[in-house]
Each structure stands twice: as C-alpha cells, then as structure tokens.
Amino acid sequence: MIEMQDIWKTYIDGTHALKGVSVRIDRNEFVYLVGPSGAGKSTFMKLIYREEVPTKGQISVNGFNIGKLKPRKIPFVRRNIGVIFQDFRLLPKLTVFENVAFAMEVIEAPTRVIKKRTLEVLDLVGLKHKHASLPSQLSGGEQQRVSIARAIVNNPSVIVADEPTGNLDPETSQGIMNLLEEINFRGATIVMATHNRDIVNSMRKRVIAIEDGNIVRDEARGEYGYEA
Amino acid sequence: MKLRTILRHLREGFKNIIRNGWMSFASMSSIFISLLILGIFLLLALNVNHMAAQIESQVQIRVFLQLNVDQAKITDLKNKIGNLTEVSKITFVSKAEGLEILRKNLGEDNKDLLDGYDKEKNPLPDSFTVEVYDPQTIESAAKQIDAINKADELAPIGKIKYGQGTVETLFKITNAVRYIGIIIVIGLAVTAMFLISNTIKMTIIARRREIGIMKLVGATNSFIRWPFFIEGALIGIISSVITTIVVLVGYSELVKYTQMGLSLMMIKLVTLEESGWLTATLLIGLGTLIGIWGSTISVRKYLKV
C-alpha cells in the first residue's frame, strides 16, 4: 500500500515538481499515471522507490515511512519494490539469466533457489530459451521482458513502471501490458506512468492525472484524457 | 556475511576483470608502467646508497704513538680504545710494519726515497688503525681517543688523524645523494598512486550505471563494494607481481653483465639477494594498496544514489 500526504518536492534548482500531492493506492491496485511531460510523474515514482525524498509531507510504502528512512534501511525497502524503466537498464555484459539472477544474489538467496526461481520468471515472461543471450542480442520488447523478470523475481508487492512501453511498437507494447496485468493478477500493486493513450483507454484501470505538480484527476475506471 | 556471498564476491571480482577486459588492461598497464619506473629508481637509489656506504666504510682513524711508548702502555691503550662503543676494530701497526706499508704505497718509482731506512733506523712511530661501526661517528670516536690520551699523564699518543675536514665533506655529499634518492622515490610513488587511481576511477565511472542498477534492486553498499574491492586488489596484485618479476629479472641480468667492467672500477652493485625482498615488498604492497584504494574511493562516490 502506498500513501502520500501533502507531498511537496522542490529540486535544488528551484523547480517545484510536486505541490501538495495526497493520494492512497491500495494493495493489488493497477494505477496509470498520466499527464504532460514535466508534470511530475517521474518524481512521483522516484519518491516511491526512494530515489528522491519529499521536501515536505509524508509518504509510506508497505508501512515504511519513506521520507524518514535510515540510509542503511533503504536497500531492504527497495527489495520489496520492483522498478521498470523505459530504457530497460540491463547490464550489457551479463547474460539474460545473470541479469535476473543478480537481483536474487543481492538478497543472498541460496544458489539452488536462485537458479530455479530465475528460470521460472524467465519462463513467465517467455524468454527461458534465451537465458544465455546478451541483452544486445535481444529485441527491445525482449529486453523489456528481461527487465520485468528482474523486477518481479523477488516477488515484490509493488511494481513501479516508468513508461515501460515508451520505446516499443504497439504490438510489443500490448504483450508487455498483458504481462503486467498477469503480474497484477498474481497480487502485485502496479503504478505505471505512460503516454500511451491506446493502452490506457483499452484497459480501463484507475487513472491519476498529474499536471504542474498537482493531481487534477483521479478516476477508478478512467481514460487517458489527453490528445495524442 | 554468508560463505556463499563471500564466494559470490570473489567470483564476481574475477569475472569483472574479464568482462571489463580493456578497462582492466588499461588499469594494469598504468600500474605496470608507474611501478616499473618506481622500481628502476628504487634500485638506482639502493645502489647509490650502497656506493656511498662503501666509500664511507673506507674511512678510518690512524692513531700515532710517541716514540718511547713501552709494550705495557700499548696493550693498555689498545684495550681502552677497543672498548669504546663506536669502535668495531683496532689493529696495532708496529713501526716496522708501518715502514713496509709506506714503501709499498710509494711504489716502484719512488722506492729509493726510503733507502737507508731499515729496522735499526726507522723514523716512524708505532700506530693503531681504528675502524668504527658507523662511519658517521668517526669524529666523536676520535675525540674520545684524544680524551683517553689527555687523561694519561704520559700522553702516549702523538697524533690522531682521520681526514679531518675531508671526511665531513664526504659525508655531506653521500647524505645529500641519499636524501635526493629518497625524495625521488617518494615523489615517484605518490605520482604513481595518483596516475593509477585516476585510471581506476575512469574505469569505474564507466560502470556507474551498473552501480545504479545494483542499488535499485536493493543491494546494500557493502554488497556492491566487495566485488570492486576484490577486483581492485587483484588488478593491483597481478600487475605489481608482473612488474616485480620484470624489474628483478632485468636487474639480475644487469648485475651479471656489468660485474666484470664495474669491478675493475672498484664498484660493486647491490646484489639481488640484498635488494630483491625490499623491492618486491614495496612494489607489490604499493600496487595492491593502490588497486584497492583506487577502486574503493571511486565506488564510494557512486554509492550515494
């Protein structure tokens, strides 16, 4: 569960990215975050996985007060949050298997468990047969699947996805969305920032629109609402 | 830390050297070249020091006795001087021996200068040759011998000579040469450290993305740091061992080939046995430290994500 209370975020250069945002996202929800570029979507997400701390206000994720977290504790909170990016962020010199297994090595899981679970999630994203390939040998859609596999391998309760389909064609994007829906169905809360009008309109999930640092719309079964 | 985590860090440390082949090669080359220059200068400095010590060790005190000193007094003096803490060796040179030595030193051409002098007619006094442990203490040893003489009512010693004036200048020169050698070696060591750590820093800057991703999936700082630490140490050890082998093998060849020529000039190089351990310890120790230091400092910078 994610809860923000009157969150303000001002960057060092004086930009007000968020201006008093309050919102509550429950367990197992699927939320689209929409709005123009620079509206504050990315800041909203970065606050969730504690890449940024709020200037003012309170944010809690899975019961942790993110703003007041001791640096020592940050890694342990992040292990329960899977993050997916538009640019995949895979390690280019590691194989597909190693890229995913890596997230489990970090939590010091036994080798046997790592192997089993990694192959399991690679199977789920449909890339078990490419486990020995390097990211550069995969298509964009396949790379994004690897990054999703990495995000979910530790069974996080929250998935944060920042424009995961931004670099992909419509057909591949649909595949990625089906995968995210499946993950949501298995119990994870998903917060996804997107500019993809078709996806938002076809899936009819909760939509939170941010403009100029404020939430301007929050609908249970919303639409994209902007001209493409 | 769990055993399998330790093994994982070791494995990753090794793998990273291979994965980042060119970067590892760049770091290793920079360590190799810096330490090579340092090693060469170190051996140079050791040899200069060695030569300075050789020259200094030739310094000795000559103590000339009065003409009428009897055997009992001579033994007494020998014991007193020999008991000084600075003195390593005292040899009695009788007047007859003194004449022989003088004849020899004058050489064939000037031999006739001493014609007419023999056992019966010998103008030279008996003397002692005194050697000291540390050549730099020669002046104080000479003063103490003088004090022994003055304490004796007979004042049996006529003259004490140790090259007064010349010796002081010699020591000034040999000490200056030593200090310059030490300063050059330290300067090179510092330069090497900066050069190497800069190269390592650059290789890690290239990997800040990797560190960022590690943090994102919830790796603790120490988890991220260990493989880099091991990688840095390995790069340092491997390249400094190679450097040490090159330097020492090169040096032993040099000693072998120059032995003939140099010994004619009365110069002896420091042997490999004398210099090998110091050189190896210094180069490998420094190389390893720099490897670890460079990678640890650089990683820390990117851990604040």
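**Notebook: chains A and B**

I began with strand β3 (residues 30-34) of chain A, which is joined by four bridges to strand β9 (residues 206-211) of chain A, the two running parallel. The model is predicted: local features need pLDDT of at least 70, side-chain atom pairs count only at pLDDT 80 or more, and totals for chains, interfaces and linings use all residues. Residues are numbered from 1 along each chain as its sequence is written, while chains are lettered from A and ligands numbered from 1 in the order in which they are written.

For strands, I note that two of them pair if DSSP finds at least two bridges between them. Helices (H or I, at least four residues) and strands (E, at least two) are DSSP runs, numbered from the N terminus.

**Sheet in chain A**

I looked up one bridge in detail: V34(A) has A209(A) in β9(A) as its bridge partner. I then traced the open sheet of six strands in chain A, and its order is β6-β7-β8-β3-β9-β10, with mixed pairing. β6 (81-85) and β10 (214-219) of chain A each have a single partner strand and stand at the edges, so one side of each is left without a neighbour in the sheet. From one strand to the next the twist averages 15°.

Across β3, β7 (158-162) and β8 (189-193) of chain A I found helix α6 (residues 170-185) of chain A, running at about 150° to β8(A). Axes here are lines fitted to C-alpha atoms, for helices over the stretch in contact, and angles run from 0 to 180 degrees between N-to-C directions. Two residues are in contact if their C-beta atoms, placed from the backbone, lie within 7 Å.

**Start of chain A**

I found M1(A) in the segment before β1 (2-10) of chain A. Leaving out residues up to four places away in sequence, M1(A) touches I25(A), D26(A), R27(A) and N62(A).

**Where A meets B**

I checked the contact between the chains: 16 residues of chain A touch 14 residues of chain B. On the chain A side, α2 (74-78) and α3 (96-106) are the elements that give two or more residues. The largest share, four residues, comes from α3(A).

**Helices in chain B**

Last, I looked at helix α2 (residues 21-57) and helix α6 (residues 166-205) of chain B, whose axes come within 9 Å and cross at roughly 175°. α2(B) and α6(B) are therefore roughly antiparallel to each other (angles over 145 degrees count as such).

Methods. Parallel < 35°, antiparallel > 145°, perpendicular 65-115°, else oblique.
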